[in-house]
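This report is written for a reader who is new to the structure shown below. Please keep the sequence and the 3D view at hand while reading.

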Amino acid sequence: MLVALAGGTGAAKLLRGLARVTDPARLLIIGNTGDDLDWWGLHVSPDLDSVAYALAGRLDPARGWGLEGDTFHCRDAVADLGGETWFSLGDRDLATHVRRTELLRGGATLSAATRVLTAALGVAARLCPMSDDPVRTRLRTSAGWLGFQEYFVREKAEAEVYEIVYEGAAAARPAPGILPALAEAEAVIVCCSNPLTSIGPILAVPGIRAGLERTGAPVVAVSPIVGGAPVSGPAGKFLAARGLPVSALSIADLYAPWLDVLVIDRRDTGLGPDLERRGVRPVLAETLMTDGAAEVALAGAALAAVDLEP
Ligand code: FO1
């Protein structure tokens, strides 16, 4: 079994590549739920949905979230009724949140609800939320304390970030299956996601870091930072808020001591010696996934980096 730690858009692409180079049933994906929010009375899990939609071949390519070809009539009608619409739920995407909320209200765990949704989408990989308990990323910013979506979508990631916390993490338990999967994994792949707001919440769930330290499986991460900047999103601002340089070296520092290999972009060849000094083996690859072939190539490079046949 290959265990992957995944956040939003970057992870969705890499996992789509992985599902094409190996049997998707071999994948157990630990998904970030720190971005989750209650919207229009519905439980929305953006990072779980981006991964599920990508693996179902239905992720909207232009947005990187939501369903390809979706419409937004309901959102526009909510606006006509004076409701909030800064977070856009598409009409078909809405069904996912309606069904998830119905299952949760019926007593199902988030893990169980996710199994129902991924099975209905025809996703063969196993997608687990990092926890069935609520964990929410919150940011102390120049616009006050904000939930992740308030920061990222409503405030357009423009506010200054001073601190990032994972509310509820201390009381959260790893979702069922995660710790045994880490113990038995052939390899663990940390996707090219935001290290502080996608991977950070997963690591904040008690037991998961220890599982990564204890596993006999090689742990490989794909750097979301190329040159001195993130491939996409506000990871650079978050690293700076933590006083860390915006560099792949910070990824190695944040994932120490359990990281074995870091896949970095060819443009970052010069970081090799500094990574070796940190006890992390650098592997060079093209990490900008501009099309399906690039997703497959990077996924193959990540597997090869830990000597695994696709
Ligand atoms: N991102 C936006 O920039 N604007 C939106 O209105 C928006 C809505 C949305 C709805 C469902 C969903 O699954 C994701 C959505 N996202 C939107 C993306 C979301 O903010 C990010 O995918 C993650 O939270 C970042 O990892």
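## Basis

This is a predicted model, in which local features need pLDDT of at least 70 and side-chain atom pairs count only at pLDDT 80 or more, while totals for chains, interfaces and linings use all residues. Residues are numbered from 1 along each chain as its sequence is written, and side-chain values use heavy atoms, with hydrogens and water left out.

## The largest pocket

The volume of the largest pocket is about 980 Å³. Its lining has 47 residues, and Gly8, Thr9, Gly64, Trp65 and Phe152 are the closest to the pocket centre. Two or more lining residues come from each of helix H1 (9-21), helix H2 (46-55), helix H4 (91-105) and helix H6 (148-154). Pockets and cavities are found on a 1 Å grid over the protein atoms alone: a pocket is an open set of points with protein on both sides within 12 Å along at least five of seven lines, a cavity is a set where a 1.4 Å probe fits but cannot get out, and lining residues have an atom within 4 Å of a point. Grid points are joined across faces, edges and corners, and a volume is the space filled by probe spheres set on the points. Helices (H or I, at least four residues) and strands (E, at least two) are DSSP runs, numbered from the N terminus.

Sorted by class, the pocket lining has 21 nonpolar, 18 polar and eight charged residues. Here Ala, Val, Leu, Ile, Met, Phe, Trp, Tyr, Cys and Pro count as nonpolar, Asp, Glu, Lys and Arg as charged, and the others, Gly among them, as polar.

## The cavity

One cavity of 30 Å³ or more is counted. The largest cavity has a volume of about 60 Å³. Among the residues that line the largest cavity are Leu48, Tyr53, Arg100 and Leu127. Helices H2, H4 and H5 (110-121) each give two or more residues to this lining. By class, the cavity lining has six nonpolar, three polar and two charged residues.

## Aromatic rings

Seven aromatic pairs are present in the structure. Rings of Phe, Tyr and Trp (its six-membered ring) pair if their centres lie within 6.5 Å; planes under 30 degrees apart count as stacked, over 60 as edge-to-face and the rest as tilted. Tryptophan 86 and phenylalanine 87 form an edge-to-face pair, because their ring centres are 6.1 Å apart and their planes are at 75°. Tryptophan 86 is partly exposed at 22% relative accessible area, and phenylalanine 87 is buried at 10%. The cut-offs are under 20% for buried, over 50% for exposed and in between for partly exposed (1.4 Å probe, protein chains only). Tyrosine 151 and phenylalanine 238 form a tilted pair, because their ring centres are 5.6 Å apart and their planes are at 50°. Tyrosine 151 belongs to helix H6 and phenylalanine 238 to helix H10 (residues 235-241), so this pair ties together parts that are 87 residues apart in sequence.

Trp39, Trp40, Trp86 and Phe87 are linked into a cluster by ring pairs. The charged end of arginine 154 sits over the ring of tryptophan 86, 5.8 Å from its centre. Likewise, the charged end of arginine 63 sits over the ring of tryptophan 65, 4.8 Å from its centre. This term requires NZ of Lys or CZ of Arg within 6 Å of the ring centre and within 35 degrees of the ring normal.

## Two buried residues

Arginine 26 is placed in the loop between H1 and strand S2 (27-31). Arginine 26 counts as buried, at 18% relative accessibility.

Isoleucine 199 lies in helix H8 (residues 199-204) and is buried at 0% relative accessibility. Isoleucine 199 and asparagine 32 are 167 residues apart in sequence, while their C-alpha atoms are 6.9 Å apart in space.

## Backbone

Most residues other than glycine have a negative phi, and most peptide bonds are trans. The peptide bond from alanine 256 to proline 257 is cis, with omega near 0°. Lysine 156, which is not a glycine, has a positive phi of about 55°. Lysine 156 is in the loop between H6 and strand S8 (161-167) and is exposed, with a relative accessible area of 57%. Aspartate 307 also has a positive phi of about 55° without being a glycine. Aspartate 307 is in the segment after helix H13 (292-305) and counts as exposed at 67% relative accessibility.
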